[in-house]
Amino acid sequence: MSTLPWLDAPFQSVLAAAAAGRLSQGLLVHDAPGAGGIRLVKRIAQLILCSGETPACGVCSACRRVESGEHPDLLRVEPKEESKLQQITVDDVRDACEQLVMTSYEGRGSVAVISPADALNHNAANALLKTLEEPRPRLHILLVTTRPSSLPATILSRCQRLRIAPPPREQVLAWLQAQRPSADWPAALDAVGGAALEALDGDPTRLRELRDDTWRALQEALKGSLDVVRTADAWSKEALRLRLNCIETYLTRRVLQGPELAGHSAKMRPGAHLSGPDLDINMATALGLLDGVKEIRQQATTTLNKALAVERLLWRFSRGAVRARML
Ligand SMILES: [Zn+2]
């Protein structure tokens, strides 16, 4: 698979820091969803462990083993499959640190990759903090997360931060197009919230169908003709996260198109073709509904009654539409 063009700039900044001797032993990569932070971290691990002539050469035996995940001085710490809460525990952190400290097999240092770092539970974060406060020589800790705000401030303050900005949609589309030219990538991206790698790993046809189906249901909700209870029940059981992405895209477009629609609604309205949000829903309502989507997303990992939460959101679509028409 080709390299991701939006990772070039952040990697160059790491190269520059390393060349100037400013690469911290604790590095936190703030990933954008689906932007491939873990791939950037692999390149950084190559930079640290490379035995070739140019840094992170990609062809020496060390670089190749980093790529295949078989380098003895590189450990990945992630939630164990059997972990019900999908957490990284204190034992996971201790085991990794001990293993890496025993020896650096090839003498260039060792690297622990913790991903997703927001999965560290309280005790694990404390254990990691000790390691970050007194890092052993040449042990590098690379943390990857899309949500740095959910990490303890004490950890954040010990790490150099590297942000991967969400790549521009056009750049993501061009990259996806180059990987697989025949797919409807714009629609697929709508369903995965712009996450490039998730789109590529998914089935673009199915993603487009899911988006169209979700948007159709929202339009029905706005007209008051949707079977809200049945739809909410179905969505809560399958692909809820993708459905929420689709709702978010629908509303975001409505907000962005708001001024245009207000001024030129007659011209802008498409015919029978389903081309996006264009119905009676005002901007304040759309923003309120976006907050509703965010809430469900935040609570989706808890024991929240998902069907009920989605049902409430869909009812709000109907009510919001009624209010907008009355204004
Ligand atoms: Zn190399």
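Buried means under 20% relative accessible area, exposed over 50%, and partly exposed in between, with a 1.4 Å probe and protein chains only. This is a predicted model, in which local features need pLDDT of at least 70, side-chain atom pairs count only at pLDDT 80 or more, and totals for chains, interfaces and linings use all residues. Residues are numbered from 1 along each chain as its sequence is written, and side-chain values use heavy atoms, with hydrogens and water left out.

**View A. W215 and Y250 form an edge-to-face aromatic pair.** Rings of Phe, Tyr and Trp (its six-membered ring) pair if their centres lie within 6.5 Å; planes under 30 degrees apart count as stacked, over 60 as edge-to-face and the rest as tilted. Here the centres are 5.9 Å apart and the planes are at 70°. W215 belongs to helix α10 (residues 204–223) and Y250 to helix α12 (residues 240–268), 35 residues apart. Helices (H or I, at least four residues) and strands (E, at least two) are DSSP runs, numbered from the N terminus. W215 is buried, at 1% relative accessible area. Y250 is buried too, at 0%.

**View B. W6 meets W175 edge-to-face.** This is one of two aromatic pairs in the structure. The ring centres are 5.6 Å apart; the planes are at 80°, so the pair counts as edge-to-face. W6 lies in the segment before α1 (8–19), while W175 lies in helix α7 (residues 169–179). The pair links parts of the chain 169 residues apart. Both W6 and W175 are buried.

**View C. Arginines sit over the rings of F11 and W215.** A charge sits over a ring if NZ of Lys or CZ of Arg is within 6 Å of the ring centre and within 35 degrees of the ring normal. The charged end of R43 is 4.1 Å from the ring centre of F11. R211 covers the face of W215, at 4.5 Å from the ring centre.

**View D. Four cysteines hold the zinc ion.** Its protein donors are the SG atoms of C50, C57, C60 and C63, at 2.2 to 2.4 Å. Donors are N, O and S atoms within 2.8 Å of the metal (3.2 Å for Na, K and Ca); water is not among the atoms, so sites may look incomplete. Their spacing in sequence is C-x6-C-x2-C-x2-C. C60 and C63 are both buried.

**View E. Confidence is lowest in α12 and highest in strand β1 (residues 26–30).** pLDDT is the predictor's confidence in each residue, from 0 to 100. The protein's mean is 87.
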